[in-house]
Structure formats: C-alpha cells, structure tokens
Amino acid sequence: MKPKTSLLDPALLRQAALDSFLKLDPRVQWKNPVMFVVYIGAILTALATVRAFSGFNLQITLWLWFTLLFANFAEAMAEGRGKAQAATLRGMRTKTHARKLVGGREESVAAGELAAGDTVVCEAGDIIPADGEVIEGIASVNESAITGESAPVIRESGGDRSAVTGGTQVISDRVVIRITSEPGNTFLDRMISMVEGAQRQKTPNEIALGILLVSLTALFILAVATLPAFTSYSESAAGQSGVVNLSIPVLVSLLVCLIPTTIGGLLSAIGISGIDRLVRRNVLATSGRAVEAAGDIDVLLLDKTGTITLGNRMASDFIPVEGITQALLADAAQLSSLADETPEGRSIVVLAKEKYGLRGREVAEPHAVFVPFTAQSRMSGVDFPARDGAPARSIRKGAAQSVQDYVESLGGCFPKSAAKAVEDISHRGGTPLVVAEGAQVLGVIELKDVVKGGIKERFMHLRKMGIRTVMVTGDNPLTAAAIAAEAGVDDFMAQATPEDKLRRIRQEQTEGRLVAMTGDGTNDAPALAQADVGVAMNTGTQAAREAGNMVDLDSNPTKLIEIVEIGKQLLMTRGALTTFSIANDVAKYFAILPALFGSLYAVAGSTQGPLQALNVMHLHSPESAILSAVIFNALIIVALIPLSLKGIAYRAVGAAQVLRRNVLIYGVGGLLAPFAGIKLVDLLLVAVHLV
Amino acid sequence: MNQRDLIQLALFLGALLAVTPLLGKWMAGVLSGEKTLPLLKWVEGLIYRVSGIDPQREMSWQRYLGAVLAFNVLGILLVLVAEMTQAWLPFNPQHLPNLPFPLALGTAVSFVTNTNWQAYSGEQTMSYGTQMWALCVQNFLSAATGIAVAVALIRGLTRRSSQTLGNFWADVTRSTLYILLPLSAIFAVVLAGQGVVQTLAPYADVTTVEGAQQTLPLGPAASQIAIKQLGTNGGGFFGQNSAHPFENPTPLTNFLEIFAIFAIPAGLTYTFGLMSGNRRQGWALFGAMLVLFVAGFAIAWPAELAHNPATGLTASMEGKEARFGVMNSVLFATVTTDTSCGAVNAMHDSFSPIAGMVAMVNMMLGEVVFGGVGSGLYGILIFAILTVFIAGLMVGRTPEYLGKKIEAREITWSVVTVLVPAVAILGATAVACVTKAGVSSVANPGPHGFSEILYAFTSMVANNGSAFAGLNANTDFYNYLSALVIAVGRFAGIIPVLAIAGSLGAKKIAPPSAGTFPTDSPTFAVLLIGVILIVGALTFFPALSLGPVVEHLLAQAGRTF
C-alpha cells in the first residue's frame with residue numbers, strides 16, 4: 001500500500017474520464033444538491049436550445065454539461081486511486097479456503113463462510129482466511145499484502161501479538177486461530193470499502209457544510225427566480241417591453257454562476273482524497289469522521305517508548321568509583337556484556353569501543369563462562385578461570401541493590417561514591433547499572449533513554465498548532481520528568497497504568513478537549529475506545545484494533561502526528577474552497593448583471609443603457625459576458641482538482657497566522673481572480689470568434 | 001462638509017465609545033440578576049407575586065420560546081382590541097374613531113415586533129389612550145423581548161452543558177424595569193425640557209402669525225419619543241415622526257435622539273463581552289458594526305451633498321428640515337436604518353438614490369449594524385457563527401465560537417435567519433411588482449417606484465419601520481402583506497436564535513488554544529464584515545441594480561421620470 005498512483009497516471013485519467021460520464025446518472029447526481037441544480041439547469045437549457053437554436057445557446061448548454069463532467073471527474077479521480085488498491089485486495093480475498101476445526105477434525109470451507117467464534121488451523125503456506133486471534137502456537141506471518149512490509153512478523157498465542165489479519169500468509173509453523181470477525185466485515189472488507197469510498201458516510205462537518213451550500217443555492221435560486229418580476233416592472237417603467245433577455249439559458253447561466261458549484265463540485269473529492277492520503281501513509285480509518293476528528297485534537301497522549309524515545313535504553317557514560325580508572329571500568333563492563341544480546345548490553349559494548357577504543361572481543365573468548373541474567377540474581381556477567389598466571393576474574397553487572405547484596409555477601413562493601421553516582425543517574429532520568437569484580441565495586445554504567453531525533457521540533461510545531469502533548473510512561477516520576485524535559489512535551493504521566501490513561505482521557509474530555517492516543521495491548525483497548533481518535537498498532541491485539549478507530553499498518557506510534565496533520569489539512573481545504581467559491585460571486589454579478597440589464601432605460605436608438613456602467617471588466621458583448629462567466633465557472637473546477645486532491649499547503653503554525661494567510665489567498669484571491677479570469681476568457685472568445 | 005459637522009460627528013462617536021462600556025456593564029449586572037434599583041426592586045417582586053412567577057425557575061429553549069410567543073401573541077391581541085375600541089375608551093379628546101381591522105392588525109403586529117411600520121398618521125388616527133397603553137407599552141415590551149432573546153443566546157454560548165437558558169419572564173421584567181424604564185424616564189424629561197409636548201389636553205386651535213386658523217396636535221409625546229428612540233422602535237407619535245417640531249424640536253434633541261438609538265445596541269456588545277468572560281469578544285463585534293456604520297455614512301453623506309444633474313441642485317434640502325440640514329438628516333437616516341429603529345427626521349423618499357440605497361442596504365444586512373435592541377446583538381452573533389463556520393474551517397478545526405462547536409444544527413438554524421428574510425423581501429417585492437394592487441400604490445414612475453416597493457418590504461421584514469413615503473401603504477394589500485412579512489421577519493430571527501441557544505447551551509466548552517480560531521481579533525472583525533456583506537447583501541444585488549443603482553445612473557445622465 002505504498003504510494004502507487006500519481007495524479008497523471010494515464011490509466012487513472014482514462015478511467016476517471018469514463019466514470020465522469022457514467023456519473024451523469026440522475027440517481028448519482030441527486031446526492032449532490034448543488035450539482036443537481038446545475039444538472040436540471042443543463043437539461044432545461046438543452047431543451048431550450050433545441051426549441052430556439054443559436055450558437056450562444058449551444059455553447060451555454062455545452063459548458064453547463066462540462067461543468068457537471070468536471071465535477072464528476074474530480075470525484076472519479078479521487079475514487080480511482082483507491083479503486084486500484086481495492087481491486088488488488090479483493091483478488092486476494094476471494095479464493096481463500098479455510099481449514100475449519102469441527103470437533104477436533106478439519107473441514108475445508110470457503111473463507112466467506114466463517115463466522116466469529118469458529119476456529120481454524122493455518123500452516124506454513126496457508127492464507128489466513130479471516131481476522132482472528134491466535135489461540136494456540138506461534139508462527140511467522142507475511143503481512144505484506146496489507147502493510148507493504150515484506151519482513152515477516154511473529155504471531156503467537158497470548159500476549160500482545162496475537163492478532164492476525166485475513167489475507168495474510170503464514171510462512172512457518174502452525175497456529176490455531178479463533179475467528180473474530182463476521183463474514184463481510186473483516187479488516188480486509190473494511191479496508192476495501194474505505195479505499196473505494198463505497199460506504200463512505202458523510203462526516204458531521206460535511207453535513208453542516210452541505211446544509212450551508214444548499215441554503216446558499218436556495219438563496220440564489222430565489223434571487224434569480226424573482227428577476228422576471230422585477231424586470232417586468234422595470235421594462236414597463238422604461239417603456240421598453242422585452243428589452244431584457246430572460247431566456248432559460250441566460251437565467252440558468254446566472255444561477256449556475258452564483259451557486260457554489262466550485263466547492264459543491266469538489267466537496268466529495270476533498271473528502272475521499274483525505275482518506276486516500278491516510279491510506280497512502282498506511283493508516284486505515286474506520287470512518288471519515290475519525291479523520292475529521294483528528295484535525296480537532298487538542299491533546300495527544302503518547303507512549304514514551306517507541307514514540308518519544310527509541311525503544312531501548314543506551315549506555316551513555318561510565319562512572320568509576322574512587323581508585324578505579326574509567327578505562328578499567330569500561331573494559332570490565334564490556335567484558336561482562338559480550339554475551340549480552342539485549343540492546344542495552346550491545347550499547348555497552350559499543351560505548352566502550354567508541355570511548356576507549358576497546359574492540360569488541362570475540363564472544364567465544366576461550367574459557368570465558370558467561371553468566372546470563374536471571375530473575376533470581378538480577379545480574380549478568382562473566383567468569384574467567386585462573387589461567388596462564390592470570391588470576392581468576394568474576395565480573396557482574398546489575399541493578400544497584402542486587403550488586404550491593406552480591407558484594408556484601410562476598411565480604412566487600414558498597415562504596416559511597418558508587419551510591420552517589422547511582423542516585424545522580426536516577427535524578428537525571430537514567431538507569432544505573434553497577435559493575436563489580438569479585439567483592440570490588442568498579443563503578444556505574446549510566447543507561448539513558450535516547451530521545452528520537454527531531455521529535456522536539458515536532459512537539460514545538462504541535463504546540464504552535466495548539467495541541468498539547470502528554471507523555472505516558474511506566475517510569476518513576478523522576479525519570480519521566482527528565483525525559484519529558486528533554487523531549488519537550490507539555491506534560492507527562494509517570495507510573496501510568498492503563499486505568500490512569502483512561503481516567504486522564506475522560507478528564508480531558510470533560511474539560512472539553514479532544515484526545516488522541518495510540519496503543520497496542522489489550523489493556524489499552526478501553527482507552528483507545530474512549531479517545532476521540534484511537535490509533536491501534538497493526539502488530540497489536542485484535543481487541544486493540546477493534547477498539548481504536550484507526551489502525552496504523554506500519555505500527556509506528558509517531559504516525560499520530562501525521563494523522564493530525566492530515567485531518568487539519570482536510571478541513572482547511574474544505575474551508576478554503578468554500579471561501580473561494582463564495583467570494584467568486586461578486587465578479588460574476590459584475591459580468592452578468594450588465595449583460596442582462598445593459599440596454600434597460602437606454603435612450604431611443606441606443607442599446608447602451610445606464611447599467612452598462614456595471615460592466616467594469618469591459619466585456620465584449622452581453623453574450624460573451626455570460627458565456628465567459630459560465631466557462632470560467634466550469635474551468636475553475638478543473639483548475640482546482642489537483643488542489644482538492646492534494647490538499648492545500650499546510651504549515652504547522654498558529655491558527656491566527658493560518659487564518660490570515662488563507663483569507664488572503666482564498667478570500668481576497670477568490671474575490672479578485674474571477675475578474676481577471678472572466679476577462680481573459682472573454683478576450684479569447686472574441687479572438688477565436690466564438691461570439 | 002464643514003467644520004461644525006465634523007465636530008458633531010466626533011462628539012457622536014466619542015459619546016458612543018464612552019457610553020458603550022458604561023451601559024454595557026450596567027446591563028450585564030441587571031441581566032445576571034446582580035444589579036437592581038431601590039424602588040423598582042419592590043415593583044419587580046410585586047410583579048412576580050401577582051403573576052405567580054418564580055424568577056429562579058430556569059427554562060429550556062422550547063419553554064423560553066413558548067413564553068416569548070405567548071407574550072407576543074397576547075400583546076398583538078391587546079393592541080388590536082385597544083385600537084378597535086378606542087372610540088369607547090377614555091383619553092380620546094379628539095373623538096377619533098375605531099380603527100378598521102386591516103390597519104389595526106398591521107399596526108398591532110408591527111408594534112409588538114419592534115417594527116413600528118406605520119400606515120397611518122398618529123395625530124389623525126390614534127387616541128391618547130391607544131398611544132399610551134397600546135403602542136407605548138409595546139415600545140417597551142418589544143425592546144425587552146429583544147434583550148431577553150439576546151441574553152438567552154449569550155447564556156447558550158457561555159453556559160457549560162446546560163439544558164436551560166434562564167427565565168424569560170424575569171429577563172423581560174428586569175430589562176424593562178432596570179434598563180428601559182429609567183433611561184426613558186430621564187430622556188423623556190430632557191426632551192420635554194427642550195419642548196417636546198407632554199400633555200393630555202386636547203389639540204390646540206391657534207391663529208398663526210399670518211392670521212390663518214390652525215389646529216395643533218398635542219398629546220403625551222415626550223414619554224413615547226424617549227422609548228421610541230431608546231428601544232429602536234421608531235413609531236412616531238405624530239405622522240412626521242422626528243421631523244415634527246413637537247417630537248424633535250432642537251439640534252440638541254436631534255443629537256440625543258440619534259444617539260439614543262445606538263446607545264443600548266452598542267452597550268449590549270459590551271454586555272456580551274463581559275458575560276462571555278472576554279471583553280475583546282464584544283469589542284470585535286462592536287468594531288465590525290462601527291466599520292459598517294461609518295462606511296454607510298461615508299457613502300451616503302457625500303452622495304447627498306453631490307450635485308444632481310437631474311435637478312441641477314447641490315446639497316438638496318428637498319424633504320429635509322431646515323433646522324437639521326443635510327448632515328444631520330443623513331446621520332439620522334443611517335443610524336435609524338442601521339438599527340431596526342425606523343424613526344426619521346427627513347423624508348428618505350427624497351434622498352439621492354445612493355443615500356436611499358445605503359438606507360436599504362443597511363436594512364438588508366439584517367439590522368446587525370448595532371441593530372435593534374437585542375435583535376442587533378443576536379443578529380450579528382448569528383453572522384459570527386456563520387463566519388466562524390465558513391472561514392473557521394480554514395484553520396483546520398471543526399469551527400468553534402466561544403469554545404462551542406458549530407455543527408449541522410447550528411448551521412441549519414443560522415441559514416434560516418438569512419434565507420427566510422430574503423425570501424420574504426424578494427418574494428413580496430416580486431408579488432407587488434406583478435400585481436395591480438402592488439403597483440397601484442406607487443407614487444413615482446420609473447426606477448424610483450421600484451425602489452419604493454423594495455424599500456417598503458425590506459423595512460418591514462427587517463423590522464425597521466421607516467418608509468419611502470411615496471408608497472401608499474394603507475391598502476388592504478399592503479396592510480395584510482405587511483402584517484405577514486413583519487411577523488415572518490421577526491420570528492425568523494427569534495425562533496432560530498433560541499433553537500441555536502438551546503443547542504449550544506447543551507454543549508461542552510472547548511478551552512481555547514493556539515489552534516483555536518480567534519474570534520476576538522481585528523482579523524475576525526474583517527471576516528465578519530465580509531460575510532455580512534457577501535452572505536447578507538449579495539442576494540439583493542440584482543434588485544438594487546434595478547432600483548437605486550439605475551436611478552442614480554439615470555440621474556447622473558440628467559434623466560427623470
């Protein structure tokens with residue numbers, strides 16, 4: 001699901017062009033009231049042209065149909081990108097067979113017949129037939145079909161990695177899976193309908209905007225419908241019966257130009273492409289509503305590990321006790337960690353190498369006996385038997401208390417300088433590991449959480465956008481505070497349990513804020529469900545994936561920030577084009593009103609009445625003026641398709657700044673652009689003798 | 001444009017800026033139940049006891065609306081009865097007859113809705129009694145209704161997850177007793193001191209200096225003029241309204257009468273700021289209103305002074321009182337049409353086409369440039385909600401106003417307040433244009449006749465009540481149609497506003513952050529002005545171009561009809 005299609009993909013364009021004609025079906029048009037008015041107008045104008053043919057009427061008719069086609073094209077383009085992906089997904093789904101377990105025996109059934117609660121067996125090579133939970137066994141699974149990531153992932157029963165997705169393939173071992181989804185409602189099904197936009201429901205904002213657009217349309221229908229009455233009075237007052245051309249094509253032209261066709265024609269394309277942008281970043285939203293809510297988020301709850309810090313602690317310093325050199329400590333630490341395959345252990349080896357040029361010796365150093373970490377000793381280390389005159393060595397590293405117990409049991413003592421170093425490190429938010437050789441404490445290794453590069457800047461941007469970040473961690477408050485300060489989050493929750501998280505979300509919501517969070521474990525599920533935007537990691541449990549309203553296929557917790565940005569961009573695009581569309585009306589009046597009423601109250605023998613003064617653009621003739629306005633109105637839809645699909649330029653700055661910028665571009669720009677545009681079309685029409 | 005005019009304008013704006021916070025603070029105190037006045041407090045308690053009202057009892061928006069409607073319908077019935085029985089009631093020294101039903105109905109609806117559209121001349125039609133207990137009372141109560149609805153909307157905007165909006169009876173009683181009554185009493189005394197008549201004596205027969213016999217109409221005028229201006233009612237005691245020397249005798253009364261129109265609506269913006277906990281919110285609205293007012297005046301004044309090729313005159317005094325002159329006439333006209341007042345001190349019908357158009361556009365905007373008492377504030381708050389919705393999406397959040405999310409329900413009701421008045425104005429004008437009954441009332445041929453019809457329905461729907469007097473509106477057609485469109489105009493405001501208040505009141509308040517659309521900034525005021533002009537007035541552009549615009553262009557070419 002990595003980006004596949006560009007805006008100018010010929011196949012996509014071809015399909016969209018075809019679709020834009022198919023969408024002329026009245027049942028499709030009916031769903032968009034603004035464009036439906038254009039549709040009715042285009043039909044009436046076509047009929048009028050048949051009855052009273054003229055080149056002008058024909059051109060108006062054609063451009064009205066173009067207006068509709070352009071709007072359809074925008075929608076088809078937005079849908080088209082998702083459709084290609086959906087087709088691939090669908091192909092994967094159809095031919096799967098499941099090995100259903102019935103009373104301990106296997107039965108072959110079609111994947112579509114599985115219901116929630118059924119259990120199935122999958123072995124290496126099998127396609128997992130439906131979403132479910134591993135209840136027995138462990139297997140590696142290739143999930144590239146949905147994530148695009150080809151490295152296999154481990155799925156096992158129990159714990160936080162038990163969820164499997166229909167359509168993915170088991171590549172080793174055997175698992176028993178309990179199906180958790182009903183037929184037709186699997187993850188894959190939902191994914192298909194999301195990318196296709198088939199079951200796309202209108203979001204609350206879209207509904208509200210729709211109401212506004214319909215009302216504006218009604219308002220302008222009224223303005224146009226009352227014109228014949230006003231005109232009849234004016235014609236009789238001027239003694240010029242029939243001087244105003246109020247034919248159907250002219251009235252329809254005026255109406256179509258005034259109603260908000262630009263935003264009306266692009267509205268659904270904007271919505272679909274917003275979801276498409278999410279899909280391209282490998283995030284699946286269960287509803288467009290969730291995407292919109294993402295733009296409204298006030299608070300982000302972010303797990304420390306993996307989001308703010310790299311997953312693991314890293315050795316950052318060696319602090320020897322009095323009488324021991326740092327190099328000696330580093331050497332001992334490295335020796336003790338050679339066989340330690342944990343990331344912490346490896347980082348000690350690397351640090352010693354970097355700081356003191358101590359090359360990582362072979363793990364298989366002769367005679368060395370490595371002592372692995374156990375829950376009882378809570379230490380690890382290495383023993384060297386006495387050999388070639390060298391004395392026996394026994395090196396241990398571990399938590400301060402464990403090492404203290406250890407050296408004291410050997411008759412040694414825990415030096416004060418070591419205790420102080422341990423305390424200092426804790427204060428700084430690090431984790432101390434004490435190293436001892438025999439009964440002698442050598443010093444302390446400082447392990448630190450490493451904050452991800454660039455994350456501080458991102459939080460700063462979020463703050464400018466008015467979003468507060470809260471770091472959630474199981475660490476003690478001291479450690480948490482230190483990391484929070486380093487990462488630049490606004491607040492943190494230390495020693496947080498899932499219940500604390502849930503409580504915090506509820507509290508923020510009571511105060512009127514919208515909260516987003518990520519999570520993967522089953523115990524995250526209540527909080528994910530409570531959050532306004534809950535992003536579940538794809539690697540997580542089925543419970544978490546069901547509870548959230550988005551799933552991140554990359555399982556990258558930082559993605560939440562991008563999701564917020566996409567949500568905001570979606571709303572901004574909608575607002576900007578609405579403002580643009582409404583602002584356009586001023587210029588259109590100045591094109592069409594003088595064209596309509598220009599001859600009214602003209603002195604006998606002249607066609608130039610006083611209202612020609614409104615023709616500020618000096619358009620060539622009444623026909624060219626009306627035609628130019630209609631053509632501009634149609635072309636502006638095409639011109640804005642790329643913008644509506646890509647979203648307007650987005651910057652992480654405060655609302656006041658965004659507002660000023662967008663008002664200038666889309667408000668003032670929307671006021672002025674059509675004056676230039678209509679004049680230009682008029683000049684072209686005259687140049688090529690179309691009027 | 002001489003120096004004295006400019007000094008007076010400066011005084012006017014200075015007084016407006018000074019009084020807005022003072023009055024606004026007092027009103028906020030009264031409306032939150034904290035401020036009372038000594039003697040009147042006892043009256044308030046008495047009113048509650050007699051009518052069995054518990055002022056503490058909170059109302060849902062539906063109950064609040066029910067109370068408003070019941071109160072207004074009862075008001076219409078009482079005025080109707082008073083008008084149609086005045087011949088048999090006391091205080092009728094001139095023995096004026098009962099009013100016919102169409103005129104009585106039109107007048108009753110008009111006064112109860114704060115419109116004060118008058119298809120009659122007071123001194124020839126209304127007895128002292130009718131003026132006092134029917135019309136004057138409604139001058140108070142219609143203004144108090146406006147304040148009550150506005151404060152209900154403020155409560156909806158500022159309360160957190162609340163199902164109720166306050167108590168209508170308490171709001172109306174307090175607004176009347178502690179705001180309208182004291183101000184009117186003071187103002188009436190000042191007016192009487194300047195020569196506005198206040199008597200129950202019959203009309204005076206006098207011999208003029210030329211030796212002719214003349215009857216001078218008298219009456220309890222000062223008390224009614226005060227609330228007519230302060231309550232943005234505008235219904236004159238006499239037919240000539242504030243052009244009549246007994247209603248508006250001196251330059252001082254003229255200045256005060258203009259100022260009184262703006263005082264309460266301007267003060268209410270400050271009240272709003274205080275009650276919303278951020279005074280800048282109120283000043284943003286005030287700023288937008290001020291800009292629109294100044295812009296209108298800045299267009300109308302020069303237009304009125306300009307040379308008119310059709311008449312060959314400059315600074316036309318046609319239809320103006322010599323004691324006021326051009327500037328004071330234009331200022332009065334701008335102020336009275338910015339608000340829903342509709343009192344006049346000059347004949348708007350005689351204004352230059354551009355000045356007449358400014359008056360019309362002011363009303364078409366929905367009476368939100370300070371606007372009617374209460375109705376101006378709730379009107380502009382609806383525009384603020386629309387502005388937040390249209391432009392607010394551009395900051396990338398679901399639009400919020402004062403932390404309340406603006407969603408489908410609010411938008412639906414908000415557009416009703418824009419759509420329905422437009423339907424009423426354009427629809428009624430169109431009907432009048434194509435029916436004999438409509439066209440036959442027009443006194444002037446040519447585009448001005450169209451302007452007269454358009455002005456009439458705009459004024460009615462906007463609850464203004466001023467008129468291009470050339471139109472004879474005392475016909476069955478205009479009386480019935482006026483009663484209808486006036487009521488539509490008023491309740492297309494009140495019903496949606498209370499529905500929105502109810503819906504917003506039940507919502508949570510999102511605390512502001514750097515990502516919130518700022519609604520207390522100059523940027524917002526500019527946007528608000530843009531939306532008011534584009535959404536509020538763009539619909540009327542074609543109609544205006546066939547009326548005052550073409551009339552102006554024809555006059556420039558020296559053509560008349």
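This is a predicted model: local features need pLDDT of at least 70, side-chain atom pairs count only at pLDDT 80 or more; totals for chains, interfaces and linings use all residues.
Leaving aside its neighbours within four places in sequence, which residues is A:N72 in contact with?

View 1. Outside the four places on either side in sequence, A:N72 is in contact (heavy atoms within 4.5 Å) with A:S20, A:K23, A:L24 and A:Q29. A:N72 belongs to helix α4 (residues 55–94) of chain A; helices are DSSP runs of H or I with at least four residues, numbered from the N terminus. A polar atom of the A:N72 side chain lies 2.9 Å from the backbone oxygen of A:S20.

**View 2. Helix α9 (residues 248–258) of chain A.** Ten of the eleven residues of this helix are buried, so that α9(A) is mostly covered. Among the buried residues are A:P249, A:S253, A:C257 and A:L258.

**View 3. Helix α10 (residues 261–280) of chain A.** Because 20 of its 20 residues are buried, α10(A) is largely enclosed by the rest of the structure. Just after this helix, A:N282 has a positive phi of about 65°.

**Notes.** Residues are numbered from 1 along each chain as its sequence is written, and chains are lettered from A in the order in which they are written. Local features need pLDDT of at least 70 and side-chain atom pairs pLDDT 80 or more, while totals for chains, interfaces and linings use all residues, and side-chain values use heavy atoms, without hydrogens and water.

Notes
Helices (H or I, at least four residues) and strands (E, at least two) are DSSP runs, numbered from the N terminus. The expected span of a helix is 1.5 Å times one less than its number of residues. Buried means under 20% relative accessible area, exposed over 50%, partly exposed in between (1.4 Å probe, protein chains only). A polar contact is a pair of N or O atoms within 3.5 Å; within protein, one must be able to donate a hydrogen and the other to accept it, and residues adjacent in sequence count only if both atoms are side-chain atoms.
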